[in-house]
Amino acid sequence: MVNPGVWIASLIDGLLLGFVYGLAAMGLTLIWGVMRVINLAHGPIIALGMFGVYLLFAYAGVHPYLGLFAVALLGLLVGILIYEVAVHRVLNAPHLSTLLATFSVNMMIIGTGTALFTTTPRNIDISLGRLTFGPVVLLGTRMLAALAAVLIAAGLYLFLYRTIPGKMVRAVASHRAAAELMGIPSARVLAFSFGLGTMLAAVAGGLIATFFPFTILSGGAYELKSFVICVLGGLGNPTGALLGGLILGALEGLIPIVLPVSWVPVIEFLLFVLLLLLRPQGLLGER
Amino acid sequence: MRWMKWGGILVVLAMLAACAAPAPPAPTATPAGPAQPAAQPSPTPAASPTPAVKKIILGFTASQTGKLTKESKEQVQGLQLWLDDLQRAGGIRLPDGTVIQVELKFYDDESTKERVQQLYVKLINEDKADFLISPYSSGLADAAAVIAEQYGKIMITIGAASDSTYEKGYRHIFQIYTPASRYLTGAIDFLKKMDPNARRIAIVYENEKFSTDVVNAAKPYAESQGFEVVLFEGYETGTTDFGPFINKIMAAKPDAIIGGGHFQDGSTLAKQLFEKKVPVKMIALLVAPAVPEFAQLGDAAVGVIGPSQWEPGAKYSPDSAKAAGLPWYGPTVDQFVSAYKAKYGYEPGYHAAGGYAAGLVLQKAIEDAGSIETEKVKAALEKMDLMTFYGRIKFDTGKAHGKQIGHEMVYLQWQKDASGNLIRPIVWPEAAQAAKPIYPLSR
């Protein structure tokens, strides 16, 4: 009854989106991995990335893909600022304190954003054409977003494993006190890592903005997806986040073929609970 | 406390009895349009010496605070404009020469049902309102209807599309808006008229009360018109990715897609249908196409059809009324639009038009009844079948008493004008058509 073309088209759609989900989740998982902080401002940062690209495009005429570089830099700086102002002081306090601190940041961004931009949905109207192979229609914007996500993930991997600052980040992540004894400036490394995490979130937001409409509240949905993805891939594991993103994307693509679309979140979160029960360290997690 | 309410009713009834003029209802004269002040002589008809003047109070609540302020404000402005026109014309003239002056009385309901119910009791008991107008929105109007019915007061509802209020057996509530159940039936008529070969319809809608009400009525209607509903499925509020969903629509190979929900999801769906070049001949969506920001979609907006209660470009006129065999009443569309613009500085939307129409309908009913007695005015409303700038007005008198059965939605379609700007002329019904429809969509 359902022809195979639909399965292939839906799977490819889902996977392309999955790369971007994975990128956003990498930001969340990186911050957790390095400093054991769950960044509840993750969603609003994604939304800020969307608005960054939008505002540059709509008011300064900057092409969205060029705007992404500016958004990446701003994401890094905003992250460092958030870390210095809200996170650093409570880093060694119980988890509840960092949760509350990042949640406050979340509320401030949403409040300010609502006041400035209202919650009227915005659109970035660009088209990069489409490729059609039988039932499969590939949109240029989605392919480019997936490609960008892969490149950024590869760049992050190279950074963490092949550069001195990257090694510092991993050192601080594995044992902060020991890293400090080796002369690593942990406070700066932590601030930078937080910035890196928000940068990933902002860039993912910027990419999403090129194909979905958004409001300042749109980050929430991706934040939830990021949590599921992080648990799928193993919290603190960037490669796992990318894999988790692909799995989630594929599920979102394929489930609606056999079930009403409303069932997608039910199955996603069922999976989330099952994973927490059966393999809490995630698919790629070690422990 | 109950005895106080009943006491209040007795007082009101006594007053009404005292007011009611025992004039035999003479045949109605040609109704005078209220928006033509120049053509209207001052209220000193040469024939009758000193006409009796009576004052009636028209009560309602407005949402001056809370979430419904914008729509409510428009509605009240429309009603206010009607009153201005009426006062310039000298009031409502009954066949026996009596002149009725209308006074508006309203309070802020804070957009809440609780306040609405308290305030309508107050309007009836303390302010002695003779007739009532509903607050904006289905929910608030439903809350007010309970009170109006308990006290046996006529209430004209505006901004209240939900069907359920009129299916509760009320006898005094009269609806101006086309009910939700008919929001998309016109799109189905349009499709049938444009393309006798179209057979397959996909209905996709937001999983939420209003949209579900609309499609639950549209589906059987489509089937009764010989269409096959090949997909009938809801999506969650806030959906942004319709990708996998669109693959499913494509597999069903529909001729037309109808449904949608509100602005955000509707515009996203339209955009993604365009990006994927989904090969359908017609797309009709709720709410989103009627919002000006829909133009942000650019080319993706072109060809998309949306229902609206009324548009400034509506082509209702004394001529179209004559063609339909109906009497015309009140100002023309142009008169209403320019008077509204002159008073408030911008073009009216359907909320404002509904407000004006509510006043107009009541005015006509009082004229026809030749009385301000509730039962006589009610009978006039039940008999009413006429055409106004807002469209046709006729009420159900059967099981769903008071439900609007005459007024049709208009369907606008986003098109590009000669210089490439996006415009949204009315394309359906034919009587109101302002531009040739785009059909089929070129995708």
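**A parallel strand pair and its crossover**

Modeller: In chain B, strand 7 (residues 200–206), helix 6 (residues 209–224) and strand 8 form a right-handed β-α-β unit. Right-handed means that, with the strands pointing away from the viewer, the path from the first strand over the helix to the second runs clockwise. Helices (H or I, at least four residues) and strands (E, at least two) are DSSP runs, numbered from the N terminus. The model is predicted: local features need pLDDT of at least 70, side-chain atom pairs count only at pLDDT 80 or more, and totals for chains, interfaces and linings use all residues. Residues are numbered from 1 along each chain as its sequence is written, while chains are lettered from A and ligands numbered from 1 in the order in which they are written.

Colleague: How many bridges join strand 7 of chain B to strand 8 of chain B?

Modeller: Seven, and the two strands run parallel. Strands are paired if DSSP finds at least two bridges between them. Within this pair, Ala202(B) stands opposite Leu231(B) of strand 8.

Colleague: Which elements of chain B touch chain A?

Modeller: The contact involves 24 residues of chain B and 24 residues of chain A. Strand 8, helix 7 and helix 8 (263–275) of chain B each give two or more residues to that side. Helix 7 of chain B supplies the largest share, six residues. Two residues are in contact if their C-beta atoms, placed from the backbone, lie within 7 Å.

Colleague: And what is chain A made of?

Modeller: Chain A has eleven helices and two strands, in the order α-α-α-α-β-β-α-α-α-α-α-α-α from the N terminus. Its C-alpha trace spans about 65 × 50 × 35 Å along the principal axes. Of its 287 residues, 50% count as buried. Buried means that 20 or more other C-beta atoms lie within 10 Å of the residue's own; exposed means 12 or fewer, and partly exposed is in between, with C-beta atoms placed from the backbone.

Colleague: Which residues touch the most other members of the largest nonpolar core?

Modeller: Val20(A), Leu23(A) and Ala270(B) do, in a core of 221 residues. Helix 1 of chain A (residues 4–35) gives the largest share of this core, 17 residues. Domain 1 (2–178 + 312–394) and domain 2 (182–308 + 409–432) of chain B both contribute residues, so the core lies between them. The domain bounds come from an automatic or database domain assignment. A nonpolar core is a set of buried Ala, Val, Leu, Ile, Met, Phe, Trp, Tyr and Cys residues joined through C-beta atoms within 7 Å.

Colleague: What does Val20(A) touch?

Modeller: Leaving aside residues up to four places away in sequence, Val20(A) touches Ala145(A), Ala146(A), Ala149(A), Ala204(A), Leu207(A) and Ile208(A).

Colleague: Changing topic, where is Val287(B), and is this residue buried or exposed?

Modeller: Val287(B) is in the loop between strand 10 (282–285) and strand 11 (305–308) of chain B. Val287(B) is buried, with 23 other C-beta atoms within 10 Å, and has a positive phi of about 55° although it is not a glycine. Lys253(B), also not a glycine, has a positive phi of about 50°. Lys253(B) counts as exposed, with 12 C-beta neighbours inside 10 Å.
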